[in-house]
Amino acid sequence: NEPEFVVKRLSDYLTQMVDIIFANNGTLDKFVGDEIMALFGTPYYFADHAEKACCTAVEMMNGVRLLQKKWAAENSDYFDIGIGINSGNALVGNLGSKQIFDYTVIGNEINLGARLESANKIYQTFILISENTYQLAKDKIVAREIDHVRVVGIQKPVRIYELRAMEPLPQIEEELIMGTFAEALELYKSHRWGDALKAFRRILRHFPSDGPSRLYTVRCLDFLEHP
């Protein structure tokens, strides 16, 4: 694509995403290419920072879907995004050199959020949140446990969740994506690969593009072959 086209497309996308962040009381930290880093609960603290971050992520995905429809109608290429959210303590303030500095945050909790963003590629999901965020916002969100992982640079394994929505899901999605998946995951954890495989395949019959079920189907087949 021509550079001018890429710049215009990126500007449209970033502008809409930042509007959503600001509408939910988020603080824009920085752009890193097409990546956006946003903070919630700093510099002004609010108790529902985790819920606001989740709400922002869901609204951003909805905004991207609308942009994709617009771009598709123009016969243009379009892209998907992934979002990672973590909640915790971090060092906040004007950080940098004596010559130039930014208001930003650093710390392991920030690194985990970035790792979750890139982990969406593995699970073929769109929004992944940490156990910390889940515990703070679980009464206000619809999320399913996805895995228990150890990410690069952080020794302690963390439980991660896929954020699906802020409102109740349609019944079939609730039954399969939430209920059956949770049962299948427990079977998988119990090393009952065959039973877990059947449950994941039941989800895929109705939701063939469900990334986590596809990934666990492959894992179950691998374990059946090499227990």
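In which helix is the place of V7? V7 sits in helix α1, which covers residues 3–23. In this predicted model, V7 has a relative accessibility of 56%, so this residue counts as exposed, the cut-off being over 50%. V7 and W193 are 186 residues apart in sequence, and their C-alpha atoms lie 48 Å apart in space.

**The chain as a whole**

Let us step back to the overall picture. The chain holds seven helices and eight strands, and its C-alpha trace spans about 60 × 45 × 35 Å along the principal axes. For 227 residues, a compact globule would have a radius of gyration near 17 Å; the chain comes to 19 Å, which agrees. Buried residues account for 44% of the 227 residues. The accessible surface is about 13,200 Å², and carbon and sulfur atoms contribute 53% of that. Of the contacts between residues at least 6 apart in sequence, 55% link residues at least 24 apart.

Strands β1 (residues 27–32) and β2 (residues 35–39) run antiparallel and are joined by five bridges. F31 faces I36 of β2 across this pairing. Two residues lie between the strands of the hairpin, where G33 adopts a positive phi near 65°.

| Strand pair | Sense | Bridges | Opposite residues |
|---|---|---|---|
| β1 and β2 | antiparallel | five | F31 and I36 |

**Helix α7**

How far apart are the end C-alpha atoms of helix α7? They are 22 Å apart; the 15 residues of this helix (residues 211–225) should span 21 Å at 1.5 Å a residue, so the two values agree. The buried residues of α7 are G211, P212, S213, L215, Y216, T217 and C220. Their cover includes the helices α3 (108–123), α5 (171–189) and α6 (193–206), together with strand β7 (142–149).

Key: Residues are numbered from 1 along each chain as its sequence is written. This is a predicted model: local features need pLDDT of at least 70, side-chain atom pairs count only at pLDDT 80 or more; totals for chains, interfaces and linings use all residues. Side-chain values use heavy atoms; hydrogens and water are left out. Helices (H or I, at least four residues) and strands (E, at least two) are DSSP runs, numbered from the N terminus. The expected span of a helix is 1.5 Å times one less than its number of residues. Buried means under 20% relative accessible area, exposed over 50%, partly exposed in between (1.4 Å probe, protein chains only). Contact means heavy atoms within 4.5 Å. Two strands pair if DSSP finds at least two bridges between them. The radius of gyration is taken over C-alpha atoms; the globule rule is 2.2 Å times the number of residues to the power 0.38. Accessible areas come from the Shrake-Rupley method with a 1.4 Å probe; for residues, only the protein chains shown count as cover.
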